[in-house]
Amino acid sequence: MLEERFLLACSGGVDSMVLAHLCHHATLDFVIGHCNFQLRGGESDTDEKFVRNFAFELSKTFFSTCFETADYVKKNKVSVQIAARELRYNWFTELMQENDIKILVTAHQADDNLETFLINLSRGTGIDGLTGIPEKTDTLARPLLPFTRSQILEYARIENVLWREDGSNSDTKYLRNKIRHEIVPKLKELHPTFLRNFKNTQQYIRGTSQLAELYIDQIRTAIFRYEDGVIQIDIPSLLKLEPLEPHLFALFHGYGFTEWNDVKSLLTTMSGKEVRSKTHRLLKDREFLLLAEIREEDPKEYPILQDVKEIHTPIHLKITEVSRVKETPKNVLYVAKETLKYPLTLRKWQKGDYFYPLGMKGRKKVSKFFKDEKMDAISKEKQWLLCSRGTVVWVVGKRADERFKVSGDTQNIVKIEFNT
């Protein structure tokens with residue numbers, strides 16, 4: 001994984017300085033990135049200068065940035081630790097994209113892993129929160145994760161590696177520091193091999209997590225049906241799962257849901273009810289749950305001027321004048337040009353909308369047409385109507401209106417093609 005050039009995150013602390021020392025002596029190809037969070041006044045600037053000089057000594061390319069961390073905390077109402085994490089990883093991502101670097105390397109070690117485990121445990125978490133920090137992903141590597149803080153300090157002493165000590169690391173007002181300085185030492189006192197035992201236990205947890213994920217994937221394959229950006233889930237099949245609550249958590253927590261009583265209630269409530277996370281919505285539709293990503297709402301109407309021959313937003317329509325009617329699949333509409341009043345509009349359906357379905361006598365509410373077509377709630381929301389001065393011309397891709405049809409007397413024919 002580290003055979004190609006990578007970005008090494010270096011704060012100037014002992015962990016990252018030892019990692020940089022090791023990578024240099026292994027003659028690996030890397031650049032150094034440093035974040036100045038401007039939280040400790042002149043000390044933050046001295047840290048940056050220290051790492052910059054170190055990179056110069058190694059003849060390594062050096063990147064640095066300064067963050068207005070305190071302002072970010074106030075604006076986003078997050079803790080300093082969360083702010084620092086979001087800021088640095090966003091910057092690392094941008095830096096890697098700009099310099100065609102595929103791998104970020106950080107200096108997390110075994111004690112960090114234990115601290116993270118205890119933090120997640122104290123806040124309440126599922127099995128994923130107990131599996132620990134992964135040693136590598138597709139874009140991230142943590143080669144020091146198998147080693148303890150004491151081992152890293154011993155290496156630094158033997159090899160005369162210099163580093164900067166962050167005074168805030170001893171401030172126990174931060175949860176991680178409190179766990180590091182007050183709780184972990186006592187745990188290690190309980191058993192001399194506590195950290196090694198913990199690492200073994202975490203391996204077992206990871207194995208259990210992998211088995212559970214395989215099982216959940218089998219359930220998803222059996223009862224999740226994917227169609228046009230929406231996942232349809234069979235409710236009777238869900239209700240057969242025992243115990244129900246853990247299954248719901250395993251199936252849906254990856255979509256951001258946290259209100260599990262609301263999710264469970266959705267299984268037995270009336271159609272139309274829904275639960276939302278920050279990113280997804282879960283909607284009850286008869287005997288199904290519909291899972292879809294939350295997207296920005298479309299404007300109410302999209303005008304189509306008379307001289308326009310093709311549009312791509314919000315859907316792709318191609319408009320041409322033709323001499324005669326040929327095939328009439330559902331995605332093609334032929335209308336008498338003289339019946340159209342411009343500008344045409346594309347919009348979503350509204351309560352009270354009606355049209356005169358082609359080939360039928362009398363009018364029909366669009367909502368009734370949807371019901372007869374057995375369209376689910378999300379499909380209804382996504383359906384576009386092509387209108388002429390407010391009158392429905394076409395339930396796009398499904399049914400035309402009788403009033404705009406081409407007759408034997410029609411002189412000018414407009415063909416509208418919907419490309420999905």
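Predicted model: local features only at pLDDT ≥ 70, side-chain atom pairs only at ≥ 80, totals over all residues.
I count two strands as paired if DSSP finds at least two bridges between them. Strands (E, at least two residues) and helices (H or I, at least four) are DSSP runs numbered from the N terminus.

Residues are numbered from 1 along each chain as its sequence is written, and side-chain values use heavy atoms, with hydrogens and water left out.

**Entry 1, strands.** I started at S388, which stands opposite T391 in β19. Strand β18 (residues 384-388) pairs with β19 in the antiparallel sense, over four bridges. The two form a hairpin with two residues between them, and R389 in that turn has a positive phi of about 50°.

Next I followed β19 to β20 (residues 399-400): antiparallel again, over two bridges. Here W394 sits opposite A400. This hairpin has three residues between its strands, and I noted a positive phi of about 80° for G397 in the turn.

I then checked burial (under 20% relative accessible area is buried, over 50% exposed, in between partly exposed; 1.4 Å probe, protein chains only). Four of the five residues of β19 (residues 391-395) are buried, so the rest of the structure largely encloses this strand.

I looked up α3 (residues 69-76) and α4 (residues 80-98): their axes come within 9 Å and cross at roughly 110°. The contact (heavy atoms within 4.5 Å) is made by T69, Y72 and V73 of α3 with V80, A83, E86 and L87 of α4.

How values were computed: Axes fitted to C-alpha atoms, helices over the stretch in contact; angles between N-to-C directions.
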